[in-house]
Amino acid sequence: MEYMVQIDHIHKSFGDNHVLQGVSMNIKKGEVVVILGPSGSGKTTLLRTINFLDAADEGSITVNEARVDAQKHSKAQVLELRKKTAMVFQNYNLFANMTILQNVMEGLVTVRKFKKSDAEKMSMEILDKVGLSEKYHCYPSQLSGGQQQRAGIARALILDPDVILFDEPTSALDPELVGEVLNTIKAVAQTGITMIVVTHEIAFAKEVASRVVFMEGGVVVEEGKPGEILVNPKEPRTQQFLSRITGGINQKSA
Amino acid sequence: MNYSYDFASIPDYMIKIMTAFPVTLEILLISLLISLLLGAAVAAGSLGRKPVIVAISRGYISFMRGIPTLVLIFLLYLGLPQILQGCGVNISSWNKMFFIIATLGLNTSANMAEMMRAAYLAVDKGQLEAAYSVGMKGTTAFRRIIYPQAFGIAIPMLGNNIINLFKETSLAFTVGVIDILGKARAITSASYGANKLETYIATGIIFWIVCVALEQGSKYLEGVYTKGRKQAAS
């Protein structure tokens with residue numbers, strides 16, 4: 001199969017709210033897909049259906065040949081899918097009862113059955129890469145938001161997933177901490193791993209994305225290279241969204 | 001009548017009463033175990049997705065918390081044999097310990113269930129999603145992530161529940177079990193009530209000392225258990 005991630009006609013409703021109305025997307029290995037859109041457009045939900053944290057109602061997800069059909073699947077298939085993906089959360093969601101090192105090791109030890117000593121060594125290496133060498137034995141509550149998020153990224157990276165899902169990774173951060181996390185994500189992108197990123201950071205999207213997807217109302221409105229979508233969007237809805245976002249930035253700086 | 005108090009004799013009474021401590025301890029430990037197991041089942045039921053089981057669990061908790069322990073003792077000790085006799089089963093020869101342990105186990109299980117439910121709900125569930133995202137199964141996530149945090153949150157309440165349970169073991173005397181209080185009553189009866197005051201002061205002191213020890217133990221455990229991540233629980 002030439003695609004790393006195949007999202008096929010995904011529908012998802014929460015009660016009467018039809019959040020995803022048939023979203024399809026094929027993503028090649030090494031692509032960095034940035035999903036943009038106003039709040040309520042379904043972009044976070046789409047991301048969460050990819051690893052079945054929210055189970056889709058219709059459609060199917062395939063990650064590196066692990067296929068899960070929304071209407072007919074087993075728990076084992078979902079587990080298999082999750083083992084091929086990793087996720088970085090808006091609120092970090094680090095395990096509060098574990099140190100940073102234990103957080104990163106946890107998946108290796110309990111899911112992948114690595115020896116503890118090996119897992120520890122690998123985790124330390126990853127933590128060094130995201131700049132947390134000094135913080136191995138700190139608990140999440142003792143770290144800043146930026147440090148916690150970098151630990152969250154390390155926890156995702158260590159599993160060597162086929163695709164990493166970033167769910168608004170900088171939205172909960174203090175403005176001065178956004179940069180360090182974005183830099184870490186950029187470094188990850190340069191390793192050639194497949195990434196799907198939901199974010200509001202337009203500048204980041206421009207720099208890192210190989211493809212930008214604009215969603216609104218539960219459908220993909222427009223997608224293409226960042227140079228096209230972010231500079232010369234064809235769809236009026238995309239234009240409105242971008243002018244609102246950049247307008248907001250201008251107002252702030254004025 | 002000549003009242004003469006001999007407070008210097010209190011330590012002697014304490015020693016005599018303490019000979020019944022193993023009985024109290026047995027009641028405490030077995031009913032504690034029952035209440036934890038039953039409480040866990042009821043808590044799981046009340047947190048579950050099946051409406052019928054949720055309703056049954058909530059009803060059980062409501063009833064057990066609403067009924068005085070003494071009433072429940074009488075129900076089991078006096079009422080249950082009557083019903084069972086009607087069914088042709090005779091339980092009047094059963095050990096009296098059974099009734100007091102069953103009562104305290106049932107009664108306390110409701111408090112334990114509420115404690116566990118609250119502690120479970122207090123753990124931030126984003127961590128559960130993170131556990132799933134790294135490929136953990138639900139049971140593994142509960143064992144590794146949710147339970148350890150819920151336990152830390154529950155420790156102070158667990159201490160309270162154990163202290164309450166310990167004090168309620170004194171109701172054992174109502175069915176004729178010779179626990180600490182039963183022993184104290186036996187001592188006063190043997191001297192025709194002449195040393196009532198000293199005996200009951202001695203009994204009170206024993207209960208008090210054990211409760212203080214339990215309280216300190218609970219605080220110590222909480223301190224050790226949540227060390228380094230105290231803020232995480234808040």
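Helix α6 (residues 175-190) of chain A lies across β3, β7 (163-167) and β8 of chain A and runs at about 150° to β8(A). Axes here are lines fitted to C-alpha atoms, for helices over the stretch in contact, and angles run from 0 to 180 degrees between N-to-C directions; contact means heavy atoms within 4.5 Å. Helices (H or I, at least four residues) and strands (E, at least two) are DSSP runs numbered from the N terminus.

The model is predicted: local features need pLDDT of at least 70, side-chain atom pairs count only at pLDDT 80 or more, and totals for chains, interfaces and linings use all residues. Residues are numbered from 1 along each chain as its sequence is written, chains are lettered from A and ligands numbered from 1 in the order in which they are written, and side-chain values use heavy atoms, with hydrogens and water left out.

The strands β3, β7 and β8 belong to an open sheet of 6 strands in chain A, with the order β6-β7-β8-β3-β9-β10 and mixed pairing. Two strands are taken to pair if DSSP finds at least two bridges between them. At the edges stand β6 (85-88) and β10 (219-224) of chain A, each with a single partner strand, so one side of each has no neighbour in the sheet. From one strand to the next, the twist averages 20°. Within this sheet, β3 (residues 32-36) and β8 (residues 194-198) of chain A pair in the parallel sense over 4 bridges, and A:V33 stands opposite A:I196 in β8(A).

Chain A also has an open sheet of 4 strands, ordered β2-β1-β4-β5, with antiparallel pairing. Its edge strands are β2 (17-28) and β5 (66-69) of chain A, each of which pairs on one side only. Here the twist averages 15° from one strand to the next. Strand β4 (residues 58-63) of chain A is joined to β5(A) by 4 bridges, and the two run antiparallel; A:T62 stands opposite A:R67 in β5(A).

| Helix | Strands | Angle |
|---|---|---|
| α1(A), residues 43-50 | β1 (3-14), β2 and β4 of chain A | about 60° to β2(A) |
| α2(A), residues 75-83 | β4 and β5 of chain A | about 130° with β5(A) |
| α6(A), residues 175-190 | β3, β7 and β8 of chain A | about 150° to β8(A) |

Chain B has 10 helices and 0 strands. Its C-alpha atoms fill a box of roughly 80 × 55 × 25 Å, taken along the principal axes.

The contact between the chains takes 22 residues from chain B and 25 residues from chain A. Together the two chains bury about 2,000 Å², 61% of it on carbon and sulfur atoms; buried area is the accessible area (1.4 Å probe) that two parts lose on being put together, summed over both. In chain B, the residues that lose the most area to chain A are B:E129, B:S133 and B:V134, together 28% of what that side buries.

Between chain B and chain A the count is 2 salt bridges, each a side-chain nitrogen of Lys or Arg within 4 Å of a carboxyl oxygen of Asp or Glu. In a salt bridge, the side chains of A:R48 and B:E129 meet at 2.6 Å, N to O. On the side of chain B that touches chain A, α6 (126-133), α7 (138-168) and α10 (230-233) of chain B each supply at least two residues. The most comes from α6(B), with 7 residues.
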